[in-house]
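Good morning, colleagues. Please take a moment to look at the sequence and the model on the screen.

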Amino acid sequence: MRCPYCRHADSRVVDSREAEDGQIIRRRRSCPECGRRFTTVEEAVLAVVKRSGVTEPFSRSKIIAGVRKACQGRPVDEDAIAVLAQKVEETVRARGAAELPSHEVGLAILAPLRELDEVAYLRFASVYRSFDSLQDFEREIAALRAAANRPASATQHQAAPSQGERAAEPVG
Ligand SMILES: [Zn+2]
């Protein structure tokens, strides 16, 4: 890793620390040329494969932009959208795959968005699932009504995996 201060071509790792539950590693580096220290962050790249076959890195800000659009005019604040995007990232990273199709990212957005705001959910679902008839909306609204009648504890459990489930995920 090149030194950001003097551009020296090499640097030495003096400390490595896991962060965010082992998903990233921070390395403290020292430049042998100028002696200054800097930090690098290492994170596994999660690739999203679009329908066209083009691959791009997973981007939390893209999730935020898409959800924000669906939430336009709705009583949903930026913090809630940021939390949702983080949930989506945790969900897709928990699969343990190095790449995943874009429609799986969309699916991961739908569940938490439904809990956040039903109108925003319908908007997002209508685009994402290409609703092309009134029946599509009617079916989705019927599903929302059915979900509203379910006990709240069931949906909460779905949204937040327990510690035990996290521990069972494959590492690496
Ligand atoms: Zn340097």
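First, the conventions. This is a predicted model, in which local features need pLDDT of at least 70, side-chain atom pairs count only at pLDDT 80 or more, and totals for chains, interfaces and linings use all residues. Residues are numbered from 1 along each chain as its sequence is written, and side-chain values use heavy atoms, with hydrogens and water left out.

The protein has 7 helices and 6 strands, taken as DSSP runs numbered from the N terminus (helices H or I, at least four residues; strands E, at least two). Their order from the N terminus is β-β-β-β-β-α-α-β-α-α-α-α-α. Of the 172 residues, 28% are buried; buried means under 20% relative accessible area, exposed over 50%, and partly exposed in between, with a 1.4 Å probe and protein chains only. Among contacts (heavy atoms within 4.5 Å) with a separation of 6 or more, 43% join residues 24 or more positions apart.

Which atoms are the protein donors of the zinc ion? They are the SG atoms of Cys3, Cys6, Cys31 and Cys34, at 2.3 to 2.4 Å from the ion. Donors here are N, O and S atoms within 2.8 Å of the metal (3.2 Å for Na, K and Ca); water is not among the atoms, so sites may look incomplete. The donor residues follow the spacing C-x2-C-x24-C-x2-C. Cysteine 6 sits in the segment before β1 (12-19) and cysteine 34 in the loop between β2 (24-30) and β3 (37-43), so this pair ties together parts 28 residues apart in sequence. Both are partly exposed, cysteine 6 at 32% and cysteine 34 at 33% relative accessible area.

Next, arginine 93, in helix α2 (residues 78-94). Is this residue buried or exposed? Arginine 93 is buried, because its relative accessible area is 18%. Leaving aside residues up to four places away in sequence, arginine 93 touches Gln23, Glu43, Ala44 and Leu46.

Finally, the second largest pocket. A pocket is an open set of points on a 1 Å grid over the protein atoms alone, where a 1.4 Å probe fits, with protein on both sides within 12 Å along at least five of seven lines; lining residues have an atom within 4 Å of a point. The lining comprises 21 residues, with Lys62, Gly66, Ile109, Phe124 and Tyr128 nearest the centre. Elements giving two or more residues to this lining are β5 (55-57), α1 (60-70), α3 (102-116) and α4 (118-128).
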